[in-house]
Amino acid sequence: FARGDLEGRHIVISAGGTREPLDPVRFLGNRSSGKQGIALAKAAHAAGAHVELVAANIDTGLLSVLPADITITPVESTLELQEAMHSAQERADAIIMAAAVADYRPAETTDSKMKKSGDEGLTLRLVQNPDILRGLVDERSRQTGLSQQIIVGFAAETGDADTTALDYARSKFLRKGVDLLVFNDVSDDRAFGHDDTKVQIITSDRGDVTVGEEFLGSKDHVSQKVIATLSDKFTH
Ligand code: C5P
């Protein structure tokens, strides 16, 4: 892409990983560093976009490299992330959901620190979290003013005996209703917390699902490809 491809566009990006509170000091979390989302924010900004980053538990050191005119909204839990994404949605020409969102959260959160229960162990009851990406796609179809909005999802997949990781990603692309799905093959333990990642961009062209070439590269490099593909969507 060239500088200016996203001039005048407002891009909302979620990054990092959610933390689901158990009590005032404990949470259930994941290993997402936020590096992919930060790389996307930099690439979108370099292409001229106005960027809003919704940052779930990202190290301040990582955030400090971002240009000062990127708006950063810090969030912790999935429910907070959901709220921030929905309130940003109305301003967005495109939304990129790069955050690693917990599928479940503790059914109960206590206001005081949980006490050790003795020798019998502890069973936590979890409830399902909303699928934020799904909700954004649904909201877009409800509001005519949002019909041109472009929504991008990420999918980290592994394959198994019957189905390849790419097949899983292809069906996820259709199921989620996104315009672009960045498929990350994590069969060989890449992606999370690493600087290099192996991806293919899945999109559709007049109803036909198209799968881009596979490439291995830094998260900056991957982000440039994603932003270039996104820019193409705007011009078509
Ligand atoms: O279904 P899966 O978790 O693999 O989908 C990944 C994509 O969906 C990512 O873009 C992620 O940010 C988003 N997601 C979400 N809400 C969830 C789970 C995932 O928005 N509860």
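An oxygen atom of the ligand lies 2.7 Å from a polar backbone atom of M97. This is a predicted model, where local features need pLDDT of at least 70, side-chain atom pairs count only at pLDDT 80 or more, and totals for chains, interfaces and linings use all residues. Residues are numbered from 1 along each chain as its sequence is written, and side-chain values use heavy atoms, leaving out hydrogens and water.

**Ligand contacts**
- A polar contact is a pair of N or O atoms within 3.5 Å.
- A backbone N or O atom of I132 is 3.0 Å from a nitrogen atom of the ligand.
- F154 has a polar backbone atom 2.9 Å from an oxygen atom of the ligand.
- The protein buries 85% of the 450 Å² that the ligand exposes when taken alone (Shrake-Rupley method, 1.4 Å probe).

**Ligand surroundings**
- Residues around the ligand (a heavy atom within 4 Å) include M97, D103, D131, I132, F154, K172 and K176.
- Two or more residues of the shell come from each of α4 (132-142), β9 (150-157) and α5 (165-176).
- Those elements are DSSP runs: helices have at least four residues and strands at least two.

**Rings and charges**
- A charge sits over a ring if NZ of Lys or CZ of Arg is within 6 Å of the ring centre and within 35 degrees of the ring normal.
- R9 lies over the face of F234, 4.1 Å from the ring centre.
- The charged end of K225 sits over the ring of F215, at 4.9 Å from its centre.

Terms used:
A polar contact is a pair of N or O atoms within 3.5 Å; within protein, one must be able to donate a hydrogen and the other to accept it, and residues adjacent in sequence count only if both atoms are side-chain atoms.
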